[in-house]
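Take a look at the structure first, and then we can walk through it together.

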Amino acid sequence: MTLASQSIDSNALLGNADLSYKFHFYDGAVLPIGLGLSLIINGLTLAHHMNKEMVLTLPDVYGKRYGVLAELAVSICTCVSFLCLLAGNLVGMSVILGYLFNISVEGAVFLSGFIVLAYTACGGLFSVAYTDVFQSGIGMTGCLVCAYWLINNADESAPPPSIGMPKPFDASAGFYMYPTEEIAKMYDGVPCEHDPTAWCYNQAKWCPDDDNCRADNGAYPFGDKR
């Protein structure tokens with residue numbers, strides 16, 4: 001249960017939703033898919049070695065087999081990788097706290113770090129295991145409830161064609177080009193600079209400035225290739 005709950009965290013869940021919404025589905029999906037695969041691979045290849053050696057951490061296994069230097073090197077690698085994971089989780093937790101209590105993201109990050117430090121210092125590894133059980137129970141229940149609601153209530157119609165996006169900073173990339181003239185007419189497309197026979201995103205109408213911009217940041221620069 002503790003191992004499974006590692007994939008139900010703010011880094012994977014919120015990061016997945018945020019990146020999928022802003023860019024593309026697979027930009028967000030790589031987080032939970034990669035984390036889930038890493039847990040499965042660790043469970044299949046490393047768990048039995050740790051149980052056999054009767055140790056709690058991966059560096060302990062290398063330390064027993066290859067000495068202190070190997071244990072130190074693996075410890076540094078695992079600490080660095082965990083810092084990256086922790087950073088993502090702190091940001092995700094701060095987003096939730098900031099939304100709930102209307103505080104700044106910076107303040108929410110420090111508050112999140114203090115909360116995690118407090119319960120870990122009080123309970124050690126047991127506090128992590130206990131909170132994982134509670135966390136995974138809520139997370140799995142939420143996923144099942146959400147899936148049931150979507151199956152019974154979600155609109156099955158596909159989203160409309162992409163409106164496109166403004167010209168990127170790279171001037172050679174050009175404007176967003178609509179795949180068909182019919183879609184271009186939906187959004188008052190204009191003839192493209194590099195190809196007058198094609199239709200491009202109407203930046204003058206939809207995005208005259210940064211404060212008044214309607215665009216799809218996940219659109220491909222040269223056509224909707226979905």
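## A charge over a ring

Which residue lies over the face of tryptophan 206? Arginine 214 does, at 5.1 Å from the ring centre. Please keep in mind that this is a predicted model.

## Aromatic pairs

Searching the whole structure turns up two aromatic pairs. In one of them, tyrosine 62 and tyrosine 66 have ring centres 6.0 Å apart and planes at 40 degrees, so the pair is tilted. Both residues belong to helix 5 (residues 58–66), where they are four residues apart, about one turn of the helix. Tyrosine 62 is partly exposed at 31% relative accessible area, while tyrosine 66, at 57%, counts as exposed.

Tyrosine 178 and tyrosine 187 also pair: their ring centres are 6.1 Å apart and the planes are at 20 degrees, so this pair is stacked. Both of these tyrosines are buried.

## A nonpolar surface patch

Helix 6 (68–101) and helix 7 (105–153) each supply at least two of the patch residues, and helix 6 gives the most, with six.

## A buried serine

Is serine 162 buried or exposed? Serine 162 is buried, because its relative accessible area is 7% and buried means under 20%. This serine sits in the loop between helix 7 and helix 8 (181–186). A polar atom of its side chain lies 3.1 Å from the backbone nitrogen of glycine 164.

Key
Residues are numbered from 1 along each chain as its sequence is written. This is a predicted model: local features need pLDDT of at least 70, side-chain atom pairs count only at pLDDT 80 or more; totals for chains, interfaces and linings use all residues. Side-chain values use heavy atoms; hydrogens and water are left out. Buried means under 20% relative accessible area, exposed over 50%, partly exposed in between (1.4 Å probe, protein chains only). A polar contact is a pair of N or O atoms within 3.5 Å; within protein, one must be able to donate a hydrogen and the other to accept it, and residues adjacent in sequence count only if both atoms are side-chain atoms. Rings of Phe, Tyr and Trp (its six-membered ring) pair if their centres lie within 6.5 Å; planes under 30 degrees apart count as stacked, over 60 as edge-to-face and the rest as tilted. A charge sits over a ring if NZ of Lys or CZ of Arg is within 6 Å of the ring centre and within 35 degrees of the ring normal.
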